[in-house]
Amino acid sequence: KKKKKKKKKLLADLDAAVKKREIEAIEQALIDCGDLPHQGIHLEQLKNARKVVERLEEERRVTKLIEGAIEKRDFNALKSSVQAAEQIKFDSPVVKKAKDLIEVIVLERKAIDDLKAAMGLRDLAAITTALKTVTSLGLGHKKEAQQAEVLRAKLEEEDRIIRNLQKSAEEKDLESLTEYLNAATDAGLENHEAVVAAKAVQEECLLQADEAKQAEIRAEEEKKKAEFKAKIDGIKEEIAAAVSAEDMDKLADLKSKAIEAGMNKDELDEALGEAEKMEENKEILNQIAAAMDTMKQFAASKGGINEAEVKALSDAVEGGRGAGLDGGIKEFQTACDFLEKMEHQLEIQKELQEAMDEGTFEALREALEAAGDLELDIDLVVEARDMMKDKGKDRPVSIRKQEEDAEEIDEDEFERRRKQNLLMAKNERFNFKKFYKIRSNGDYVKGIYFNKKKAAESKLVYQKTIIPKSLLNLKTKELNKMAIGINKSILGYCGEQPMQFPATLAQDILIKGLEQNELVDEVYIQLCKHLSNNRKPESVGRAWQLLCMAVGTFPPSGDFEHYLLNFLIEHISVPGLVGNYARYSLRRLEGMLIRGASGFVPTIDEILAYKERPPVLSTIELVDGTHLTEDLPIPPDLNVARVLEICTHFLNLEDSRKDSFGIFVQDDEDDEEEGELAASAYSAMRAPDPLDDDAPPPLPGGDDVAAVGPQPPPRTPRPLRSKDYIGDVVVQMTRQHRKTTFVFKRKIFKPNDDDKSSDPVYSRLMYLQAADEVISGNVTVEKEADLILLTAIAIAADSEEFPSKEEDLLEASLTEYIPLAWRNKKTDANWARAVISQRGKVIRKTNEHLESLYVSMVSKYPLWGQCFFYVRKEIEGSDMICGISNEGIHFYSLKRKEWQKYKYGELERWGGSSTQFWVLVNDKSRKKKVRVALYTSQARDMSNLILDYAKIAKSSA
């Protein structure tokens, strides 16, 4: 009984709102009717109410169109908008006002046309009559009226000149004849029959005058003719310039000026011919623009468009083509493109109707995707989407799984698929809010008694409260209950709801997504909702962490994958932490969509790592700049040791010495601006524990890395420890405004461990590192002959064919192979000549032999295998070099001359701070312990590397 009473009240409220014809009231009543069984979609009253809303919206659009046309007093827009009103059978005071205005403008246009016709005939009486009509209509300000006034005055002046000239001719008065003939010339009347007759009379009179008088009169005539021609030529030039600039106002002024100056009508018509064509084109373009505006109103209708409406625009465009308009005119091309879009919409509407008649899920989805390309939002799309939703409710959710025996996807094929997915996902139709499985507003707010409108509006944007039901239409109540539980967990993890053990909440979300295929899209769309219009940085960061974890655990369904890609693409360019998370998520998702779900849920410790450091995309290079990995997704729990395993796997490195490789952080030459992560929550990194020996030293001057004071020695590439995290390094480098590169190369060189390898990958890596050490000057070559041979070997190993000419060798970047310390000791030509002399020794050798020979030669130099750091004895003193090798600690001059060496057996202790490194040495010769302190910004790197070698030395002993 209560339900019936409630239903009766809801429908009564709806009827009252419809009677008032107020859109907002009807919409609110429709939302309230969401509490009816099946949201009342089967009731005629609701269907009629929605039609009334659509009708009122149409009337609003047409009224707005007409009001704009009235305000602008645009004749074409008025006709087009009134036509739109008549098509929907809409009448109102505004429509009547527009029709009345059209009648007035028709009268005005006729008056102007009559005036232009009179001007064309140069009929003074007709011009005078037409001007009176135009003035009476209040059109005296029109350019045509102003030009007519000038022409009327000109015709009256011409009439006066002709009458005076005729009188002078009758009287045969030479003085007055000459005066009025000159006036006629100045007025452009030289070819008038009265002027020609008067000229003959003047000639008769001149015969009776003396020669001086004749000469004077003829000279004056020629002067007048020249002045008139110059005046007319100047006006023609001004007209040409105005035509070129398409300055119609200027052309109107020049036409009046030309009339006043006495320019011949034919000449004036010729000069203004292009301008008149421009005026005609402008009028045609105005007609097309008006037709476009009207068509846009039809296109905005929920009912879609029909062929009759499109034909009006088509006729206008065809009229433009007939007048010679083409794609070179921007406005016309825009109209052509819009017409093509409208014609395409007609085709899409037909396809949608056919798909609905067929009634299969596949046909509906295909038609809706085509409609999505045009971003159609019409009733037909809504009906088709509802039908597809109904047809698809029992379809199983398809999730791509990784197959154990699946073949590895070729890199080029992976890249092709990746780009194809991204290109498709960029389309606006894949905005996640347009996903067809999302509940309707009425369904979503059903059961809510208060603030239904607010609840409907917040359905797909951030809210700190728990959602009333799942965002998607799920099959069972149990799934809906689980979806609400997922939302609680999201709010708990992100901090909106006070809940214990947030990492467990995150893991629970991932487990549900992995185990329940029907919930994967619900998880993703809830995260998208949480990240939309969220103004809380900490909450945003936590939600992105969840998204990063989710895309590493399970992919979305095939139906939702492009919607999720679209969401990520929209955020990859956002500065700061959000952009970093989006790029990471996008990269992980791309791989999963192609290769399938990993099926692994992060452990609690792995989830907790997200609070310690961000996941990053890392590009790791070899020493020659070749990318070993590009945008490799590195989760926050993945330390350097595990990244090294990935690198050796990518390289297929099998040599037993693969564990001696490491990742070095190398500063790029150019400092970058404050990085994207610097403003993130991670920029305030945890203060290091003073009891933690492995804690990174604090930056000098606190947070300000550019503290005033002496600059520390330069940095060299620093090796990372196995337990370091790439994410920590990225954040630290960003805080210090340093742009860096990660380089994979050999870090540890054990004694007598440079034997030739059967692994070609290892051999190649060692050759690249040896060449880099020689060319950079880290390993010095004392003998010129050795350097020339090494250079020849390197060029032969790196080139398909060793150049036979000096100029070809220089073009092959010979000087880049010469260390800086040697480069200026010879001219480029002499270096080329010296290297060419070694050509015969290397050209017939295999690459494997050349690389092995190169490494064999370089490994015999004492500096081979050392890692170098710049240090100083005094903070403002000169730089020197500290080398760390398997033999101990070495100190060198900048020219690599050894000054001091301490073996590991002599080292008691060592350590350092952010600015200073120290080592306590057991000096047996002096029988005491000596503390050596040096200034450097890489104390931690030196200490860690010494520890690695000390452990090796101890185990060997």
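**Loops, helix pairs and cores**

Mentor: Let's begin with Arg 21, which is placed in the loop between α1 (2-20) and α2 (23-32). Keep in mind that this is a predicted model.

Trainee: Okay. What is phi of Arg 21 near?

Mentor: Near 55°, which is a positive value in a residue other than glycine.

Trainee: Switching to helices. How do α5 and α7 cross?

Mentor: Helix α5 (residues 93-121) and helix α7 (residues 143-171) have axes that come within 10 Å and cross at roughly 30°. That makes α5 roughly parallel to α7, because angles under 35 degrees count that way. The crossing of these two, α5 and α7, is left-handed.

Trainee: Which residues meet there, α5 to α7?

Mentor: From α5 you have Ile 112, Leu 115, Lys 116 and Met 119, and they meet Glu 144, Ala 145, Gln 147, Ala 148 and Leu 151 in α7. By class, the contact of α5 with α7 has 6 nonpolar, 1 polar and 2 charged residues.

Trainee: Now α10 and α11. Roughly what angle do their axes cross at?

Mentor: Roughly 165°, with the axes of helix α10 (residues 211-245) and helix α11 (residues 248-261) coming within 10 Å. That makes α10 roughly antiparallel to α11, since the cut-off for that is over 145 degrees. The crossing of α10 and α11 is left-handed.

Trainee: Who makes the contact between α10 and α11?

Mentor: On the α10 side, the residues include Phe 228, Lys 231, Ile 232, Ile 235 and Glu 238. On the α11 side, Lys 250, Leu 251, Leu 254 and Lys 257 are among them. The contact of α10 with α11 divides into 10 nonpolar, no polar and 4 charged residues.

Trainee: Let's go inside. How many residues are in the largest nonpolar core?

Mentor: It has 91 residues, and those with the most contacts inside it are Phe 744, Tyr 854, Val 858 and Ile 884. Helix α31 (residues 784-798) gives the most to this core, with 9 residues.

Trainee: What does Tyr 854 touch?

Mentor: Leaving out residues up to four places away in sequence, Tyr 854 touches Tyr 767, Ala 770, Ala 771, Val 774, Leu 790, Ile 793 and Ala 794. Another core, of 83 residues, lies apart from the largest one, and Ala 384, Leu 422, Met 549 and Val 578 are among its residues.

Trainee: Last one: where does Leu 894 lie?

Mentor: In the loop between β8 (888-892) and β9 (898-903). Leu 894 counts as partly exposed, at 49% relative accessibility. Not counting residues up to four places away in sequence, Leu 894 touches Tyr 870, Asp 879, Met 880 and Ile 881.

Trainee: And how far apart are Leu 894 and Ala 821?

Mentor: They are 73 residues apart in sequence and 11 Å apart in space, C-alpha to C-alpha.

Note on methods. Residues numbered from 1 in each chain as written. Predicted model: local features only at pLDDT ≥ 70, side-chain atom pairs only at ≥ 80, totals over all residues. Heavy atoms only, no water. Axes fitted to C-alpha atoms, helices over the stretch in contact; angles between N-to-C directions. Helix = DSSP H or I, 4+ residues; strand = E, 2+ residues; numbered from the N terminus. Parallel < 35°, antiparallel > 145°, perpendicular 65-115°, else oblique. Left-handed = near helix turned anticlockwise from the far one by under 90°. Contact = heavy atoms within 4.5 Å. Nonpolar A, V, L, I, M, F, W, Y, C, P; charged D, E, K, R; others polar. Core = buried A, V, L, I, M, F, W, Y, C linked by side-chain atoms within 4.5 Å. Buried < 20%, exposed > 50% of the residue type's maximum accessible area, 1.4 Å probe, protein only.
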